[in-house]
Amino acid sequence: MYTHILVPVDLNEEGFGDKAVELAVWHARQSDAVIHLLNVLPGIHLAMVSNYFPKDAARKMLQDTQQNLKQFAEQHIPADVRHIETVSEGKVWSTIVDHARQVKADLIIMPSHQRSTIDKLVLGSVAAKVVENAPGNILIIKPEGL
């Protein structure tokens, strides 16, 4: 049914992506798919951002995030399920869409934040932009209680 399942995870919010990964594991087992875990860092190499950090900070942040994503995968994805961990940098929604195209994801499973109407109007929703622009099927996990 599916061959490549993309699960964007935000490692800064504990528990936020757990249900998405749980569902990805279930779908992967049903069709022997590969799970692609993706964490997106903000544009830390942009000149206006990088000037405020020590020279080596971006490399250290990338290495730390890669290690944290690996630990997250070890905790949430059983050893019998094939998976790949990737840390990318850029605008979150467009990086997710680009990565989905790159790995030929035929399913994206991602959680959605509960946002106020003002937040949605001003900031937009990462999930909404992914739904509008990404290829393939998309499963959005709503926050508890909605």
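Strands E1 and E4 run in the parallel sense and pair over 2 bridges; strands count as paired if DSSP finds at least two bridges between them. Welcome to a predicted model, in which local features need pLDDT of at least 70, side-chain atom pairs count only at pLDDT 80 or more, and totals for chains, interfaces and linings use all residues. Residues are numbered from 1 along each chain as its sequence is written, and side-chain values use heavy atoms, with hydrogens and water left out. Helices (H or I, at least four residues) and strands (E, at least two) are DSSP runs, numbered from the N terminus.

**Strand E4 and its partners**
- Leu6 has Ile108 of E4 as its bridge partner.
- E4 also pairs with strand E5 (residues 137–141), in the parallel sense and over 5 bridges.
- Within that pairing, Pro111 has Ile141 of E5 as its bridge partner.

**The nonpolar cores**
- A nonpolar core is a set of buried Ala, Val, Leu, Ile, Met, Phe, Trp, Tyr and Cys residues joined through side-chain atoms within 4.5 Å.
- The largest one has 22 residues, and Ile5, Val7, Val21, Ile35, Leu37, Ile77 and Ile109 touch the most other members.
- At least two residues of this core come from each of E1 (4–8), H1 (18–31), E2 (34–41), H3 (57–76) and E4 (107–111).
- H1 supplies the largest share of this core, 5 residues.
- Apart from this core lies another, of 13 residues, including Leu38, Ile108, Met110 and Ala127.

**Two residues to look up**
- Leaving aside neighbours within four places in sequence, Ile77 is in contact (heavy atoms within 4.5 Å) with Val21, Val25, Ile35, Leu37 and His83.
- His99 sits in helix H4 (residues 92–102).
- Why does His99 count as buried? Because its relative accessibility is 6%.
- With neighbours within four places in sequence again left aside, His99 is in contact with Leu6, Leu38 and Thr86.

Technical notes
Buried means under 20% relative accessible area, exposed over 50%, partly exposed in between (1.4 Å probe, protein chains only).
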